[in-house]
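Reader: I have a structure open here and some questions about how it is put together. Can we go through it piece by piece?

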Amino acid sequence: MRKSYYAQILLALVVLATLAGCGKPKADLTPTGTPVAGRGEKSPGFNLTGVDGSTISFQPTKNPNGDATLLVFWSFRWDPNVATLLARLRELHERDAPRGLAIIAISYDEEPSGLRTFLAENKTPFPVAVGVDSTYDRFEVKALPTIILVDSKGKVAERWEGHFSTEELSEKISQFLPGRTGNSGT
């Protein structure tokens, strides 16, 4: 009898969770565009809301500075190592932004108030957007963190899942950086 009771509760929870996910899908402001972000393919773009309410736009074919862009999909709630991730990204930004690297962090956490609180203690020199389901789908985000490097021509150059050292990632992206006058570049 007791097993049946617990099975019914479990089934009810599964049904409720399924129904909760069947509401109107969230949408960003960008047309569907390319459905996948595979290596060598044109990267999808997006217009997302920043934690401050501004619009953060990534249009890979409109890149007047010729920067390579690192898109970082992450979560402050689900990743116990997120403070280390952001520290490494800040270091990477400081090191490679002068060489033509732009970083956009897309938070998987869709409640900006908690994200704002987290970022007040973990400031970033790069924009942080609040992600939406359609963006995760187009970029095929299956794990957090997922990092996608888009080259200066708007194509997906590389993608990685999981954590990295600053040196490891810097070495991997270096060949895609356009460089700038006066850098010590490679």
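Reader: What joins strand β6 to β7, and which way do they run?
Author: In this predicted model, 5 bridges join β6 (residues 146-150) to β7, and the two run antiparallel. Helices (H or I, at least four residues) and strands (E, at least two) are DSSP runs, numbered from the N terminus. Two strands pair if DSSP finds at least two bridges between them.

Reader: Which residue does I147 stand opposite?
Author: I147 faces W160 in β7.

Reader: And what about the turn?
Author: β6 and β7 form a hairpin with 5 residues between them. G154 in that turn has a positive phi of about 90 degrees.

Reader: What is the strand order in the sheet?
Author: The sheet is open, with 7 strands in the order β2-β1-β5-β4-β3-β6-β7 and mixed pairing. β2 (55-58) and β7 (156-161) are at the edges with a single partner strand each, so one side of each has no neighbour in the sheet. On average, neighbouring strands are turned by 30 degrees against each other, direction ignored.

Reader: Which helix packs on β3 and β4?
Author: Helix α2 (residues 82-96) touches β3 (68-74) and β4 (101-107), where contact means heavy atoms within 4.5 Å. The direction of α2 makes about 170 degrees with that of β3. Axes are lines fitted to C-alpha atoms, for helices over the stretch in contact, and angles run from 0 to 180 degrees between N-to-C directions.

Reader: Where does α3 lie?
Author: Helix α3 (residues 112-121) lies across β3, β4 and β5, at about 160 degrees to β5.

Reader: Switching to charges. How many salt bridges?
Author: The whole structure has 3 (a side-chain nitrogen of Lys or Arg within 4 Å of a carboxyl oxygen of Asp or Glu). One of them pairs R95 with E91, with the closest N and O atoms 3.3 Å apart. R95 and E91 are separated by about one helical turn because they are 4 residues apart in helix α2.

Reader: What are the ground rules for these values?
Author: Residues are numbered from 1 along each chain as its sequence is written, and side-chain values use heavy atoms, with hydrogens and water left out. As the model is predicted, local features need pLDDT of at least 70 and side-chain atom pairs count only at pLDDT 80 or more, while totals for chains, interfaces and linings use all residues.
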